[in-house]
Number of protein chains: 2
Amino acid sequence: MIIPFNIPYQSKNAQHYIKKAMESKRYAGNNRFTEKCIHFLEQKYGLKNIYFTSSCTTAMEMGALLAGLQHGDEVIMPSYTFSSTANSVALRGAKPIFCEISPETMNIDVKMIESLITERTKMIVPIDYAGIPCDIQSIKKLSDKYNLMIMQDAAQSFHSFHNSGKPCGAESLLTAFSFHETKNINCGEGGALIINDDSLIERANFLQEKGTDRSLVLKGVKSKYSWVDLGSSFLLSDILASILLCQFEEVDKIVKKREVITKSYIELFSQYSKKGYLKIPKIPNGSIINHHAFFVIFDTAKNQEDFLSLLKKKEIYPYIGYMPLHSSIMGQRFGYKPSDLPITQDFASRIVRMPFYYSLQGEALDYCINGVDSVLRKIYD
Amino acid sequence: MIIPFNIPYQSKNAQHYIKKAMESKRYAGNNRFTEKCIHFLEQKYGLKNIYFTSSCTTAMEMGALLAGLQHGDEVIMPSYTFSSTANSVALRGAKPIFCEISPETMNIDVKMIESLITERTKMIVPIDYAGIPCDIQSIKKLSDKYNLMIMQDAAQSFHSFHNSGKPCGAESLLTAFSFHETKNINCGEGGALIINDDSLIERANFLQEKGTDRSLVLKGVKSKYSWVDLGSSFLLSDILASILLCQFEEVDKIVKKREVITKSYIELFSQYSKKGYLKIPKIPNGSIINHHAFFVIFDTAKNQEDFLSLLKKKEIYPYIGYMPLHSSIMGQRFGYKPSDLPITQDFASRIVRMPFYYSLQGEALDYCINGVDSVLRKIYD
């Protein structure tokens, strides 16, 4: 049996929905199925001002443009994240300022943020690693105090809830979701930007439509649209939106099935974490996770490597974490050296993300858990 | 009968191909169907270094990044184009320098380009309006003389051929195609960038994959990928690539059917163009067009407006042309005023694009041609 890292979930209704999208003959961005997706997220999560985009990466880029980031601006973010978090602001000429992580969640260390704030700081970009919501309350206190914007990289946390009770997407000025093949809800490549400030909406409409005021033409305000702003094609093909819609409609079922996997991993790894051999994530009190992922932090990089190679022999494929951005080639170009963020550097070398997908159930889950169990015994017993 | 401006072509094989893409369980960008699309374009057109993207807009942005455009650089392009042509370079901080058009094709006026070249000029961005290839030979002479890059906005000209005999995509350093819902070959939202310089490929691979060297990991050169450059998610969901593939396989059939529409329009409008009432496009000698579109330039803006409103009563929907960029809000922000490019300003106010789509055949085409004929008689007889 092979246990890959990911198998994307597919709804039984997908073919039917795709057919309907194509039969409509209108399946560029922002057509019928995108509208249905927007309506669904509004109704289910109380989110508003939802823009579906071609990826989470481009959603972040739309957010950075909308925020008006400029050359010389500074943006605080964890170094332990994906390149797109940093590129979205670097593409505007802003400088990513890298912050340490809190090892319990691998999310940004909120205690360190304040020390990084300068007169140039314009924005904080927390991420929700493995679907665990960042400590948004503490971050909002800082953003209020220093008048900073927040753009939440929620690539992994669609359908997770902050300890405020609000869903990811409802707390930050800007939030970006991913619907990439690797995510709970997926269409190959896709994303969305949520904008919690109505005063930004007119410009967001311009940005999404290649910097034109086409939105005003659709509303009947103008008769011809023209070039009014920077912008891109921040749009999702309605065919892909149709695939998302049928998965949105099944999101509770999807997350519930995934919860079983989290529980199995906790049961297994807890025995070792209690002995101090490894660490497992600590979900912040009151937060609700979407069971997107499960990570384990080994005591040594050597044991992490052994774990991966021994499981490979059993055709079980966990995955490594991010290579920290601050110590990458680009991070060094921004003036960082690996030792600047020792916690990030250390934990990134010891983390493993476990196989995690909807159909990891029954026999497959048993095989995976048993395989991992035997490898852990080999390493630690 | 209603004759809309566009109905997207759909292949009978689409559902089958989509199903195969989804069953593969690997349908993020650059998977099996994207590879097949690339292979098809290589074989059929001799194109190389083909990158499928989420849109033509993002293909142009990838090109602008790859070209290394920077703040202060100048890029010469026609004002008569879509906002994305200009935004792709403006997003990098470069300044669009707007050039007049040649009314016979509505493409960039090559005779004017040289007068716009300064020490800051880095690139020329011609477009292929209505699928008519730009005069690439003359543009290449200039780019050679002044050491400029060429990025061809071939949004409308996939499967058109320059008078060199080479297909659009084979002549310029960079070429961007669109597979938007409105194009001959379409998947809702989609595009591609063609790169005719092998020395740019390594970096192109980085840019496409969010500025990471993931391509080196896939090749086995590195074991872990990291952040090495700017970049975005310049990728097309493989589900959309599967839709493109079945249309690529039918491209000759599609273009042949569309040719009938061009011929019908020429037959009808020629009677009026001969009398000097209106102008129809003049295809450059030796060029082969893809029958993407057909435009008519009326003698007066008044007659253009009457034409549109009279046809609306018959439920026949031609479309207006571009609002010139130089006289738009953004154009004015770049220092232009409407009178700077009087030919563009004038012709843009008199142009109409006729309904044009694969299924405009038989009875529908007859209804359209007869309706247009009666409106032209009303206006001119």
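A crossing of two helices is left-handed if the near helix is turned anticlockwise from the far one by less than a right angle, and right-handed if clockwise. Keep that at hand for the first exercise. The model is predicted: local features need pLDDT of at least 70, side-chain atom pairs count only at pLDDT 80 or more, and totals for chains, interfaces and linings use all residues. Residues are numbered from 1 along each chain as its sequence is written, while chains are lettered from A and ligands numbered from 1 in the order in which they are written.

**Exercise 1. Describe how α9(B) crosses α2(B) and α1(B).**

Step 1. Helices (H or I, at least four residues) and strands (E, at least two) are DSSP runs, numbered from the N terminus. Axes are lines fitted to C-alpha atoms, for helices over the stretch in contact, and angles run from 0 to 180 degrees between N-to-C directions.

Step 2. Take α2(B) (residues 32-45) with α9(B) (residues 238-248): their axes come within 7 Å and cross at roughly 35°. This crossing is left-handed. On the α2(B) side the contact is made by Arg32(B), Phe33(B), Thr34(B), Lys36(B), Cys37(B) and Phe40(B), and on the α9(B) side by Asp238(B), Ala241(B), Ser242(B), Leu244(B), Leu245(B) and Phe248(B). Contact here requires C-beta atoms, placed from the backbone, to lie within 7 Å. By class, these residues are seven nonpolar, two polar and three charged. Ala, Val, Leu, Ile, Met, Phe, Trp, Tyr, Cys and Pro count as nonpolar, Asp, Glu, Lys and Arg as charged, and the others, Gly among them, as polar.

Step 3. Now take α1(B) (residues 14-23): its axis and that of α9(B) come within 8 Å and cross at roughly 145°. This time the crossing is right-handed. Ala14(B), Tyr17(B), Ile18(B), Lys20(B), Ala21(B) and Met22(B) meet a set in α9(B) made of Asp238(B), Ile239(B), Ser242(B), Ile243(B), Leu245(B) and Cys246(B). The contact residues divide into nine nonpolar, one polar and two charged.

**Exercise 2. Work out how chain A is related to chain B, and what their contact is made of.**

Step 1. Superpose the copies by least squares on the C-alpha atoms of residues with pLDDT of at least 70 in both. A rotation of 180° with 0.0 Å of shift along its axis places chain A on chain B, with an RMSD of 0.0 Å. That is the relation of a two-fold axis.

Step 2. Find the axis in the model. Ser54(A) is the residue of chain A that comes closest to it, with its C-alpha at 3.2 Å.

Step 3. Look at the contact, which takes 53 residues from chain A and 53 residues from chain B. On chain A, the elements giving two or more residues are α1 (14-23), α3 (56-66), α4 (83-90), α9 (238-248) and α12 (329-333). The chain A side holds 23 nonpolar, 21 polar and nine charged residues. Since 100% of the interface residues of chain A are also interface residues in chain B, the copies meet through the same surface.

**Exercise 3. Is α4(A) mostly covered or mostly open, and which elements does it pack against?**

Step 1. Apply the burial rule: a residue is buried if 20 or more other C-beta atoms lie within 10 Å of its own, exposed if 12 or fewer, and partly exposed in between, with C-beta atoms placed from the backbone.

Step 2. Eight of the eight residues of α4(A) are buried, so the helix is mostly covered. Ser83(A) and Ala86(A) are among them.

Step 3. The buried residues pack against α3, β2 (74-78), β3 (95-99) and β7 (149-154) of chain A.

Step 4. Turn to Leu325(A), in the loop between β12 and α12 of chain A. Leu325(A) counts as buried, with 26 C-beta neighbours inside 10 Å. Leaving aside neighbours within four places in sequence, its contacts include Ser83(A), Ala86(A) and, from chain B, Trp227(B).

Note on methods: Contact = placed C-beta atoms within 7 Å.
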